[in-house]
Amino acid sequence: ACSSKYVLSQMHPMWQGPLAVPGGDRQSPIDIVVRKSIFDSKLKPLVTKYDPHTCQQIWNNGYSFLVEYDDTTDKSTLQGGPLEDKFRLCQFHFHWGETNAWGSEHTVDKKLFPAELHLVHWNSDKYSLFEEAVMEDNGLAVIGVFLKVGKRHEGLQKLVDALPAIRHKDSVVEFNRFDPGCLLPTNTDDYWTYHGSLTTPPLTESVTWIIMKQHIEVSHDQLAVFRSLLFTSAEEDMQKSMVNNFRVQQPLRGRAVRSSFS
Ligand SMILES: COc1ccc(N2C[C@H](O)c3cc(S(N)(=O)=O)sc3S2(=O)=O)cc1
Ligand SMILES: [Zn+2]
């Protein structure tokens, strides 16, 4: 699966800083300036095929909570959109704030959202393992979906109900039959796409970002449960609430942001 403890253990609040990767000219996240995005008529609709039975576990990695999928076969895949190849779903996770005023990593014309969902996929046409793909510039594809506070999201509730069992860092529980497709907006044809990086260490510049124009809605109470998670493990005496787990925005460095809609 795609979350080796080695990499995650490198993570700590210090990485929040403007940790620029030496020679990094395609870092993420960024602000999407709508009027500067370029409509590309060659961009196709996204094709997602997610099998809920490939869902394996949910765990707190001390940075976010990850829902991990069995990525040993092409059962849950993403293709189309800006992608030339087929990509395998390995995990999804979220970023959120301590209040509803902020929390997303990407912004649209500087507009902040209270949270952002990332569905992480790796290029299984070109590579045989996630660990290989994550080092290559066409290795990963991450779908970003903005969350807004509003009506309760029925599909999300099953996930919210599992969070108290993984309050502390490194806690894991079995989690089956969850269809991540229920977290996508109804319209997945309208998106922005650009070449960037992981927003957490190792910050590798291997991500084709696909940011949905349409957001999803979750309730205030559902988001409050995200904030009940802890960055710290059960052994540590200082318990720190898991909030504001987003990276500071990075320079565009002349990159084009394309849109699939005009
Ligand atoms: C080198 O080994 C590894 C490299 C990366 C990872 N990952 C965990 C990261 O937290 C992380 C952060 C992602 S984000 N916010 O969508 O840019 S995607 C992602 S990950 O699942 O690829 C695991 C092992
Ligand atoms: Zn993320």
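Is Lys126 buried, partly exposed or exposed? At 47% relative accessibility, Lys126 counts as partly exposed. Here "buried" means under 20% relative accessible area, "exposed" means over 50%, and "partly exposed" is in between (1.4 Å probe, protein chains only).

Before going on, some ground rules. This is a predicted model, where local features need pLDDT of at least 70 and side-chain atom pairs count only at pLDDT 80 or more, while totals for chains, interfaces and linings use all residues. Residues are numbered from 1 along each chain as its sequence is written, chains are lettered from A and ligands numbered from 1 in the order in which they are written, and side-chain values use heavy atoms, with hydrogens and water left out.

**Salt bridges**

What does Lys126 pair up with? Its side chain meets that of Asp85 in a salt bridge, which is a side-chain nitrogen of Lys or Arg within 4 Å of a carboxyl oxygen of Asp or Glu. Lys126 sits in the loop between strand 9 and helix 2, and Asp85 in the loop between strand 6 and strand 7, so this pair ties together parts that are 41 residues apart in sequence. (Helices are DSSP runs of H or I with at least four residues, strands are runs of E with at least two, and both are numbered from the N terminus.) Asp85 is buried, at 14% relative accessibility.

The structure holds 5 salt bridges, and here are some of them:

| Pair | N to O distance |
|---|---|
| Lys126 and Asp85 | 2.7 Å |
| Asp74 and Arg88 | 2.5 Å |
| Asp40 and Lys42 | 3.4 Å |

Take Asp74 and Arg88, which form a salt bridge. This pair links distant parts of the chain, with Asp74 in the loop between strand 5 (65-69) and strand 6 (77-80) and Arg88 in strand 7 (residues 87-96), 14 residues apart. Asp74 is partly exposed at 28%, whereas Arg88 is buried at 13%.

Then there's Asp40, which is buried with a relative accessible area of 11%, while Lys42 is exposed at 64%. Together with Arg258, Asp40 and Lys42 are linked in a network of salt bridges.

**Cysteines**

How many disulfides does the structure hold? The count is 0, where a disulfide is a pair of cysteine sulfur atoms within 2.5 Å. Look at Cys55: the closest cysteine sulfur, in Cys182, is 10 Å away, so that's too far for a bond. Cys55 is buried at 2% relative accessibility, but Cys182 is partly exposed at 29%.

Most residues other than glycine have a negative phi, and most peptide bonds are trans. Now for some exceptions. The peptide bond from Ser28 to Pro29 is cis, with omega near 0°, and Pro29 lies in the loop between helix 1 (5-9) and strand 1 (31-32). Another cis bond runs from Pro201 to Pro202, with omega near 10°. Pro202 is in the loop between strand 12 (191-196) and strand 13 (207-212).

As for positive phi, Arg177 has a value near 50° and is exposed at 56%. Asn244 has a phi near 55°, yet Asn244 is buried at 18%.

**One more loop**

Finally, find Lys110 in the loop between strand 8 (107-108) and strand 9 (115-123). Lys110 is exposed, at 62% relative accessibility. The C-alpha atoms of Lys110 and Asp31 are separated by 6.0 Å, although the two residues are 79 residues apart along the chain.
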